[in-house]
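Open your viewer and get ready to select residues by number. We will go from one stop to the next, and each stop says what to pick and what is there.

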Amino acid sequence: MKSKSAEKIKMPSIDELLGVSGEESATDIEISRIHSFVNHPFKVLDDDKMDDLVESIKQNGVLTPVLVRPDKNNSYEMISGHRRMHAAIKAGLETIPAIVRDMEDDEAIVIMVDANIQREELLPSEKAFAYKMKMDAMKRQGARNDIADSTYTQNGWRSETAAVIGQQVGESKNQVRRYIRLTELIPDLLDYVDKKRLQFTVAVDISYIDKEIQTWLFEYIKENGTVKAVQVAALRTALEAGPMTQAKMISILVNSQPGRKQEQKITLSEKKLRNYFSDKYTAEDMESVILELLDQWKRGEITV
């Protein structure tokens, strides 16, 4: 009898992920006639694993066919197999074994994501856009069946789309939502998440902030290092109170750094100041005089 832990780590086969039936057979297709999936969220890297795959293809050919769908231009869109095709090109192949299947856009998106999401060491940005693409596709499929933001599982029960995706990939529905929030980041900040220069949960909080202010945040992080959750919380609170400038944002981030003593605000009422200034002095005039006197005191030109 299999243990529960053994059942949990059992991974579906390639055929199960792609929904390949035993009746579908592969045919060799010219690589020049195959183009990448539109907005493909998974990166194809020239790393050590790619070098190993290229060497394997040189020796044994492409053992697992790619999955493509025909388009209107007498060519094909890649659904699953971008890494294999890239490796085949590097290995000098001109054709690649492929299973050709007609499918609608949303069906193609779901299959494309499912075929790639099981890969190890996926970047946060890859998960973010993959989950979003799949969720949007499933919602559209659900809308066509009048179930809006829900979908039916393979067992026939109705559930929230994020929960269904989470069950399929081993994440909670809230974690799926957090990853999708990352798609609201500007590219520079999302790149910092991938490079671990910006903490995941902090990045999720930043995703709720206006894109222009995100640009200021990126510049701040680039110059000063990362930001903490408490700093972003202070910034978001200030944004709810009123307009923001870049200088004001920097002041908030600096003063809300963990362990930093908060600045104390000193105020002098106009009533008090009028004991020393005539009515011809405006508030700006009085402030200017006070700052000038303080500068003189600091330089030792006057004593108190």
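**Stop 1: the sheet**

Start by selecting residues 66-70, which are strand S3, and residues 95-100, which are strand S5: the two pair in the parallel sense over three bridges. Two strands pair if DSSP finds at least two bridges between them. Helices (H or I, at least four residues) and strands (E, at least two) are DSSP runs, numbered from the N terminus.

Before going further, note that this is a predicted model, in which local features need pLDDT of at least 70 and side-chain atom pairs count only at pLDDT 80 or more, while totals for chains, interfaces and linings use all residues. Residues are numbered from 1 along each chain as its sequence is written, and side-chain values use heavy atoms, with hydrogens and water left out.

Now pick Leu 67 and look across to S5, where its bridge partner is Ile 99. Next, show the rest of the sheet. In what order do the five strands lie? The order is S1-S5-S3-S4-S2, in an open sheet with mixed pairing. At the edges are strand S1 (27-30) and strand S2 (34-35), each pairing on one side only.

Select helix H4 (residues 82-90). Helix H4 packs on the sheet and touches S2, S3, strand S4 (76-80) and S5, with a direction at about 115° to that of S4.

Go back to the S1 side of S5. S1 and S5 pair in the antiparallel sense over four bridges; Asp 28, for example, has Pro 97 in S5 as its bridge partner. While you have strands on screen, remember that in a regular strand the side chains alternate between the two faces of the sheet.

**Stop 2**

Select helix H7 (161-169) and helix H8 (173-181), then find Glu 171 in the loop between them. Is Glu 171 buried or exposed? Glu 171 is buried, with a relative accessible area of 19%. Here buried means under 20% relative accessible area, exposed over 50%, and partly exposed in between (1.4 Å probe, protein chains only). In H7, the buried residues are Thr 161, Ala 162, Val 164, Ile 165 and Gly 166.

Show what surrounds Glu 171. Leaving aside neighbours within four places in sequence, Glu 171 is in contact (heavy atoms within 4.5 Å) with Lys 127, Tyr 131, Gly 166, Val 176 and Tyr 179. The side chains of Glu 171 and Tyr 131 also make a polar contact, at 3.4 Å. A polar contact is a pair of N or O atoms within 3.5 Å; within protein, one must be able to donate a hydrogen and the other to accept it, and residues adjacent in sequence count only if both atoms are side-chain atoms.

**Stop 3: the rings**

Rings of Phe, Tyr and Trp (its six-membered ring) pair if their centres lie within 6.5 Å; planes under 30 degrees apart count as stacked, over 60 as edge-to-face and the rest as tilted. Tyr 131 lies in helix H6 (residues 124-144) and Tyr 179 in helix H8, so the pair ties together parts that are 48 residues apart in sequence. Tyr 131 is buried at 2% relative accessible area, and Tyr 179 is buried at 11%.

Now select Tyr 192 and Phe 218, a tilted pair at 5.2 Å centre to centre and 45° between the planes. Tyr 192 is in helix H9 (residues 187-194) and Phe 218 in helix H11 (residues 211-224), so this pair joins parts 26 residues apart in sequence. Both Tyr 192 and Phe 218 are buried.

**Last stop: Ser 125**

Finish in helix H6 with Ser 125, which is buried at 5% relative accessibility. The side chain of Ser 125 makes a polar contact of 3.2 Å with the side chain of Lys 43.

Technical notes:
Axes fitted to C-alpha atoms, helices over the stretch in contact; angles between N-to-C directions.
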